[in-house]
Amino acid sequence: MFLPITLLVSIILSSNLVEACSCSKHEWEPFSSRKPAMSYLSNFRELNSLSFVTTHSSYSYLIKDPLLQTQDFEVRLQMKYGVRGLDVGVYSSLGSFEIYVGDTALNITFDDVLDEVNEFLNNNPWELMILMISRAHDSVRHSKNYCRVLNRYLSQQNGGRLVTKWQLNDTIGLHRGKILVASLDPAFRECAFPIRENCLVNDDQDLDQEKVAKFGAVAKWSSLARFTRIMARGTSNCYVNDVSFAYKGNLDRKTLARDAGYRQFDNSCAQPLNLDAMELFKKPRGFLVMLFDFICQKVIDTVIDANYGDSSWRSGLN
Ligand SMILES: *[C@@H]1O[C@H](CO)[C@@H](O)[C@H](O)[C@H]1NC(C)=O
Ligand SMILES: *[C@@H]1O[C@H](CO)[C@@H](O)[C@H](O)[C@H]1NC(C)=O
(Lines give C-alpha, C1' and ligand atoms only; values in the text may rest on other atoms or scores of the structure.)
(Ligands and ions follow the chains in the order given, each with its own letter.)
Protein backbone atom coordinates (compact mmCIF):
# COMPACT_ATOMS: atom_id res chain seq x y z
CA MET A 1 0.00 0.00 0.00
CA PHE A 2 1.21 3.48 -0.91
CA LEU A 3 1.13 6.48 1.38
CA PRO A 4 -0.65 9.47 -0.11
CA ILE A 5 1.87 11.97 -1.40
CA THR A 6 0.76 14.76 0.94
CA LEU A 7 1.32 12.55 3.94
CA LEU A 8 4.74 11.55 2.62
CA VAL A 9 5.70 15.22 2.14
CA SER A 10 4.55 16.11 5.60
CA ILE A 11 6.56 13.25 7.09
CA ILE A 12 9.68 14.46 5.29
CA LEU A 13 9.02 18.05 6.33
CA SER A 14 8.48 17.19 9.94
CA SER A 15 11.62 15.07 10.10
CA ASN A 16 13.53 18.06 8.73
CA LEU A 17 11.96 20.20 11.37
CA VAL A 18 13.12 17.87 14.10
CA GLU A 19 16.63 18.04 12.72
CA ALA A 20 16.50 21.84 12.51
CA CYS A 21 15.45 22.01 16.14
CA SER A 22 18.93 22.28 17.52
CA CYS A 23 20.85 25.43 16.67
CA SER A 24 24.58 24.92 16.59
CA LYS A 25 26.98 27.09 18.57
CA HIS A 26 29.01 29.56 16.57
CA GLU A 27 32.59 28.46 15.87
CA TRP A 28 35.11 31.28 16.31
CA GLU A 29 38.67 31.13 15.09
CA PRO A 30 41.18 30.30 17.85
CA PHE A 31 43.08 32.99 19.73
CA SER A 32 46.58 33.82 18.70
CA SER A 33 49.31 36.09 19.91
CA ARG A 34 49.28 39.33 17.91
CA LYS A 35 51.99 41.83 17.08
CA PRO A 36 51.70 44.89 19.34
CA ALA A 37 48.56 46.54 18.03
CA MET A 38 49.45 50.24 18.40
CA SER A 39 53.21 50.14 17.84
CA TYR A 40 53.09 50.53 14.05
CA LEU A 41 50.84 53.59 14.06
CA SER A 42 52.41 57.00 13.43
CA ASN A 43 53.37 59.03 16.50
CA PHE A 44 51.48 61.95 14.98
CA ARG A 45 48.11 60.20 14.85
CA GLU A 46 45.67 61.78 17.27
CA LEU A 47 43.78 59.65 19.76
CA ASN A 48 40.57 60.82 18.11
CA SER A 49 41.41 58.74 15.07
CA LEU A 50 41.67 55.47 17.03
CA SER A 51 39.38 52.62 18.01
CA PHE A 52 40.09 50.71 21.22
CA VAL A 53 38.89 47.15 21.74
CA THR A 54 37.96 46.79 25.39
CA THR A 55 36.80 43.89 27.54
CA HIS A 56 33.73 44.58 29.66
CA SER A 57 34.51 43.75 33.30
CA SER A 58 37.96 42.55 32.36
CA TYR A 59 38.69 40.65 35.59
CA SER A 60 35.36 38.83 35.83
CA TYR A 61 37.05 35.60 34.70
CA LEU A 62 37.93 35.24 38.40
CA ILE A 63 34.25 34.61 39.22
CA LYS A 64 32.84 31.19 38.69
CA ASP A 65 29.15 32.18 38.61
CA PRO A 66 28.19 32.03 34.90
CA LEU A 67 25.57 34.74 35.35
CA LEU A 68 28.21 37.24 36.56
CA GLN A 69 31.12 36.18 34.40
CA THR A 70 31.74 38.29 31.31
CA GLN A 71 35.22 37.04 30.34
CA ASP A 72 36.83 33.65 30.66
CA PHE A 73 40.57 34.17 30.49
CA GLU A 74 43.28 36.26 32.06
CA VAL A 75 43.91 39.93 31.35
CA ARG A 76 47.56 39.10 30.58
CA LEU A 77 46.29 36.97 27.68
CA GLN A 78 43.61 39.47 26.67
CA MET A 79 46.41 42.01 26.10
CA LYS A 80 48.58 39.46 24.28
CA TYR A 81 45.74 38.80 21.82
CA GLY A 82 45.32 42.53 21.19
CA VAL A 83 42.86 43.93 23.73
CA ARG A 84 43.81 47.58 24.44
CA GLY A 85 41.14 48.64 26.89
CA LEU A 86 40.28 47.31 30.34
CA ASP A 87 37.18 47.94 32.40
CA VAL A 88 37.39 47.67 36.18
CA GLY A 89 34.93 48.33 38.99
CA VAL A 90 36.57 49.53 42.20
CA TYR A 91 35.52 49.83 45.81
CA SER A 92 37.38 52.30 47.97
CA SER A 93 38.45 50.74 51.22
CA LEU A 94 40.95 52.20 53.69
CA GLY A 95 42.39 54.51 51.07
CA SER A 96 42.93 51.98 48.32
CA PHE A 97 40.86 50.31 45.63
CA GLU A 98 39.65 46.73 45.68
CA ILE A 99 38.34 45.21 42.47
CA TYR A 100 34.69 44.21 42.34
CA VAL A 101 32.16 42.98 39.83
CA GLY A 102 28.87 44.31 41.10
CA ASP A 103 28.73 43.21 44.73
CA THR A 104 31.25 40.41 44.32
CA ALA A 105 34.77 40.98 45.60
CA LEU A 106 37.39 39.50 43.29
CA ASN A 107 39.94 39.62 46.13
CA ILE A 108 42.45 41.51 44.03
CA THR A 109 43.49 45.14 44.38
CA PHE A 110 44.15 48.02 42.03
CA ASP A 111 47.86 47.40 42.65
CA ASP A 112 47.44 43.94 41.12
CA VAL A 113 45.85 45.52 38.05
CA LEU A 114 48.65 48.09 37.76
CA ASP A 115 51.33 45.39 38.15
CA GLU A 116 49.82 43.34 35.34
CA VAL A 117 49.43 46.25 32.92
CA ASN A 118 52.85 47.65 33.86
CA GLU A 119 54.46 44.34 33.02
CA PHE A 120 52.76 44.30 29.63
CA LEU A 121 53.85 47.88 28.90
CA ASN A 122 57.41 47.20 30.10
CA ASN A 123 57.58 44.49 27.47
CA ASN A 124 55.69 46.54 24.85
CA PRO A 125 56.76 50.16 25.47
CA TRP A 126 55.17 51.51 22.23
CA GLU A 127 51.69 50.38 23.19
CA LEU A 128 49.07 52.34 25.11
CA MET A 129 46.07 51.19 27.11
CA ILE A 130 42.70 52.68 28.01
CA LEU A 131 41.48 52.01 31.54
CA MET A 132 37.75 52.44 32.13
CA ILE A 133 37.22 52.86 35.84
CA SER A 134 33.95 53.03 37.79
CA ARG A 135 32.56 52.51 41.27
CA ALA A 136 31.32 49.06 42.10
CA HIS A 137 29.62 47.55 45.08
CA ASP A 138 27.58 49.79 47.42
CA SER A 139 30.01 52.66 47.03
CA VAL A 140 27.64 55.31 45.71
CA ARG A 141 27.53 57.20 49.02
CA HIS A 142 31.28 57.70 49.26
CA SER A 143 31.87 59.16 45.83
CA LYS A 144 33.99 62.11 47.03
CA ASN A 145 36.87 59.89 48.06
CA TYR A 146 37.31 58.24 44.73
CA CYS A 147 39.40 60.90 43.04
CA ARG A 148 41.53 61.34 46.12
CA VAL A 149 42.32 57.63 46.16
CA LEU A 150 43.01 57.46 42.43
CA ASN A 151 45.28 60.50 42.61
CA ARG A 152 47.27 58.84 45.35
CA TYR A 153 48.08 55.98 43.00
CA LEU A 154 49.50 58.53 40.55
CA SER A 155 52.28 59.38 42.98
CA GLN A 156 53.08 55.75 43.72
CA GLN A 157 55.83 54.06 41.82
CA ASN A 158 53.49 51.57 40.13
CA GLY A 159 51.11 54.39 39.14
CA GLY A 160 53.67 56.23 37.04
CA ARG A 161 52.08 55.13 33.79
CA LEU A 162 48.59 56.40 34.71
CA VAL A 163 47.43 59.48 32.81
CA THR A 164 44.26 61.11 34.09
CA LYS A 165 44.44 64.41 32.20
CA TRP A 166 44.45 63.73 28.50
CA GLN A 167 42.55 65.06 25.51
CA LEU A 168 41.14 63.56 22.37
CA ASN A 169 43.47 65.63 20.20
CA ASP A 170 46.60 64.37 22.00
CA THR A 171 48.89 62.36 19.74
CA ILE A 172 49.78 58.70 20.22
CA GLY A 173 53.43 59.71 20.51
CA LEU A 174 52.64 61.63 23.68
CA HIS A 175 51.17 58.59 25.42
CA ARG A 176 53.11 55.52 24.38
CA GLY A 177 53.70 53.25 27.34
CA LYS A 178 50.86 54.94 29.26
CA ILE A 179 47.53 53.95 30.77
CA LEU A 180 44.87 56.52 29.84
CA VAL A 181 42.16 56.64 32.49
CA ALA A 182 38.57 57.30 31.41
CA SER A 183 35.26 56.95 33.19
CA LEU A 184 31.53 56.88 32.60
CA ASP A 185 31.06 57.40 36.34
CA PRO A 186 30.54 60.98 37.65
CA ALA A 187 32.58 60.11 40.78
CA PHE A 188 35.69 60.26 38.57
CA ARG A 189 34.76 63.41 36.66
CA GLU A 190 37.65 65.40 38.14
CA CYS A 191 40.31 62.72 37.80
CA ALA A 192 39.64 60.76 34.61
CA PHE A 193 38.56 61.60 31.08
CA PRO A 194 34.79 62.20 31.59
CA ILE A 195 33.18 60.13 28.87
CA ARG A 196 29.58 61.15 29.39
CA GLU A 197 30.48 64.82 28.96
CA ASN A 198 32.50 64.33 25.80
CA CYS A 199 31.19 61.30 23.97
CA LEU A 200 28.05 59.67 22.64
CA VAL A 201 27.42 56.46 24.56
CA ASN A 202 25.41 53.40 23.57
CA ASP A 203 24.80 50.95 26.39
CA ASP A 204 22.06 48.87 27.98
CA GLN A 205 20.61 51.94 29.72
CA ASP A 206 19.33 53.08 26.33
CA LEU A 207 17.41 49.90 25.61
CA ASP A 208 13.64 49.86 25.56
CA GLN A 209 12.88 47.22 28.23
CA GLU A 210 9.58 46.21 26.61
CA LYS A 211 11.39 45.40 23.38
CA VAL A 212 14.06 43.53 25.31
CA ALA A 213 11.45 41.40 27.08
CA LYS A 214 9.86 40.59 23.74
CA PHE A 215 12.81 40.25 21.38
CA GLY A 216 15.81 39.51 23.64
CA ALA A 217 19.18 40.01 21.96
CA VAL A 218 17.50 41.22 18.77
CA ALA A 219 16.58 44.41 20.66
CA LYS A 220 20.29 44.87 21.40
CA TRP A 221 21.15 44.24 17.75
CA SER A 222 18.74 46.96 16.77
CA SER A 223 20.34 49.44 19.17
CA LEU A 224 23.81 48.57 17.82
CA ALA A 225 22.54 49.16 14.29
CA ARG A 226 21.04 52.52 15.29
CA PHE A 227 24.31 53.61 16.95
CA THR A 228 26.30 52.57 13.88
CA ARG A 229 24.13 54.94 11.81
CA ILE A 230 24.71 57.73 14.33
CA MET A 231 28.49 57.21 14.19
CA ALA A 232 28.41 57.24 10.39
CA ARG A 233 26.83 60.72 10.52
CA GLY A 234 29.89 61.96 12.42
CA THR A 235 27.97 64.07 14.92
CA SER A 236 30.66 63.65 17.59
CA ASN A 237 34.38 62.95 17.74
CA CYS A 238 34.07 60.44 20.58
CA TYR A 239 31.95 57.33 20.97
CA VAL A 240 31.56 54.49 23.45
CA ASN A 241 29.74 51.51 22.01
CA ASP A 242 29.04 48.88 24.65
CA VAL A 243 28.17 45.60 22.94
CA SER A 244 27.86 43.73 26.24
CA PHE A 245 24.30 42.69 27.02
CA ALA A 246 22.27 40.73 29.51
CA TYR A 247 18.58 40.53 30.27
CA LYS A 248 16.29 38.60 32.50
CA GLY A 249 16.08 35.64 30.19
CA ASN A 250 17.67 32.34 31.07
CA LEU A 251 20.68 32.98 28.84
CA ASP A 252 24.09 33.81 30.27
CA ARG A 253 26.36 36.39 28.72
CA LYS A 254 28.59 33.77 27.13
CA THR A 255 25.64 32.42 25.17
CA LEU A 256 24.42 35.87 24.17
CA ALA A 257 27.78 37.36 23.22
CA ARG A 258 29.84 34.49 21.87
CA ASP A 259 28.19 31.11 21.47
CA ALA A 260 24.54 31.61 20.50
CA GLY A 261 23.19 28.15 19.61
CA TYR A 262 19.69 28.91 20.88
CA ARG A 263 16.31 29.79 19.40
CA GLN A 264 15.27 33.41 19.52
CA PHE A 265 11.81 34.98 19.74
CA ASP A 266 10.73 34.04 16.19
CA ASN A 267 12.09 30.50 16.56
CA SER A 268 15.01 31.10 14.22
CA CYS A 269 18.55 30.36 15.36
CA ALA A 270 20.18 33.33 17.08
CA GLN A 271 23.54 34.76 16.06
CA PRO A 272 26.08 35.82 18.71
CA LEU A 273 26.00 39.55 19.48
CA ASN A 274 29.77 39.75 18.97
CA LEU A 275 29.24 38.56 15.41
CA ASP A 276 26.37 41.05 14.93
CA ALA A 277 28.69 43.80 16.11
CA MET A 278 31.40 42.75 13.66
CA GLU A 279 28.97 42.65 10.74
CA LEU A 280 27.77 46.14 11.65
CA PHE A 281 31.24 47.49 12.47
CA LYS A 282 32.33 50.57 10.61
CA LYS A 283 35.11 52.66 12.06
CA PRO A 284 33.84 56.17 12.77
CA ARG A 285 35.88 59.33 12.45
CA GLY A 286 36.80 60.03 16.04
CA PHE A 287 37.76 58.20 19.19
CA LEU A 288 35.93 54.91 19.77
CA VAL A 289 35.88 52.54 22.72
CA MET A 290 34.02 49.30 22.08
CA LEU A 291 33.22 47.05 25.03
CA PHE A 292 32.62 43.32 24.66
CA ASP A 293 31.64 40.36 26.77
CA PHE A 294 33.53 37.14 26.04
CA ILE A 295 35.95 38.71 23.62
CA CYS A 296 36.89 36.76 20.46
CA GLN A 297 39.98 37.03 18.27
CA LYS A 298 37.95 38.10 15.24
CA VAL A 299 36.44 40.94 17.28
CA ILE A 300 39.86 42.14 18.44
CA ASP A 301 41.30 41.94 14.93
CA THR A 302 38.38 43.72 13.27
CA VAL A 303 38.59 46.73 15.57
CA ILE A 304 42.38 47.00 15.45
CA ASP A 305 42.64 46.46 11.70
CA ALA A 306 40.40 49.50 11.24
CA ASN A 307 43.11 51.67 12.83
CA TYR A 308 45.46 50.58 10.05
CA GLY A 309 42.93 50.43 7.22
CA ASP A 310 43.37 46.71 6.65
CA SER A 311 44.94 43.59 8.14
CA SER A 312 48.30 43.76 6.35
CA TRP A 313 50.06 45.09 9.49
CA ARG A 314 49.50 41.69 11.10
CA SER A 315 51.11 39.58 8.40
CA GLY A 316 54.76 39.25 7.59
CA LEU A 317 57.63 38.73 9.95
CA ASN A 318 57.51 39.93 13.51
C1 LIG B 1 36.71 36.47 47.81
O2 LIG B 1 36.83 36.13 49.15
C3 LIG B 1 35.58 35.88 49.79
C4 LIG B 1 35.85 35.69 51.28
O5 LIG B 1 36.89 34.78 51.49
C6 LIG B 1 34.94 34.66 49.14
O7 LIG B 1 33.68 34.40 49.73
C8 LIG B 1 34.75 34.94 47.64
O9 LIG B 1 34.25 33.80 47.00
C10 LIG B 1 36.08 35.34 47.02
N11 LIG B 1 35.82 35.77 45.64
C12 LIG B 1 36.32 35.13 44.58
C13 LIG B 1 35.96 35.69 43.26
O14 LIG B 1 37.06 34.18 44.67
C1 LIG C 1 42.73 70.20 21.81
O2 LIG C 1 41.44 70.17 22.40
C3 LIG C 1 41.29 71.10 23.46
C4 LIG C 1 39.96 70.83 24.14
O5 LIG C 1 39.00 70.39 23.26
C6 LIG C 1 41.43 72.50 22.92
O7 LIG C 1 41.27 73.43 23.97
C8 LIG C 1 42.80 72.64 22.29
O9 LIG C 1 42.93 73.91 21.69
C10 LIG C 1 43.05 71.57 21.25
N11 LIG C 1 44.45 71.62 20.83
C12 LIG C 1 44.81 71.61 19.55
C13 LIG C 1 46.29 71.65 19.29
O14 LIG C 1 44.01 71.61 18.63
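In this predicted model, Met-231 counts as buried because 21 C-beta neighbours fall inside 10 Å, where 20 or more are required for that class. The residue belongs to helix α8, which spans residues 217-233. When neighbours within four places in sequence are left aside, Met-231 is in contact with Tyr-239 and Pro-284.

Thr-235 is found in the loop that runs between α8 and β10 (238-242). This residue has 11 C-beta neighbours inside 10 Å and therefore counts as exposed, the limit for exposure being 12 or fewer. Between Thr-235 and Ala-37 the separation is 198 residues in sequence, and the C-alpha to C-alpha distance is 27 Å.

A hairpin is formed by β3 and β4, with two residues between the strands. Strand β3 covers residues 96-101 and strand β4 covers residues 104-109; their pairing is antiparallel and involves three bridges. Val-101 has Thr-104 of β4 as its bridge partner. In this hairpin, Gly-102 adopts a positive phi near 60 degrees.

The surroundings of ligand 1 comprise Leu-62, Ile-63, Ala-105, Leu-106 and Asn-107. Of these, Ala-105, Leu-106 and Asn-107 fall within the residue range of strand β4, 104-109. By residue class, the shell around ligand 1 consists of four nonpolar residues and one polar residue, with no charged residue.

Key. Residues are numbered from 1 along each chain as its sequence is written. Chains are lettered from A and ligands numbered from 1 in the order in which they are written. This is a predicted model: local features need pLDDT of at least 70, side-chain atom pairs count only at pLDDT 80 or more; totals for chains, interfaces and linings use all residues. Two strands pair if DSSP finds at least two bridges between them. Helices (H or I, at least four residues) and strands (E, at least two) are DSSP runs, numbered from the N terminus. A residue is near a molecule or strand if its C-beta atom, placed from the backbone, lies within 6 Å of it. Ala, Val, Leu, Ile, Met, Phe, Trp, Tyr, Cys and Pro count as nonpolar, Asp, Glu, Lys and Arg as charged, and the others, Gly among them, as polar. Two residues are in contact if their C-beta atoms, placed from the backbone, lie within 7 Å.
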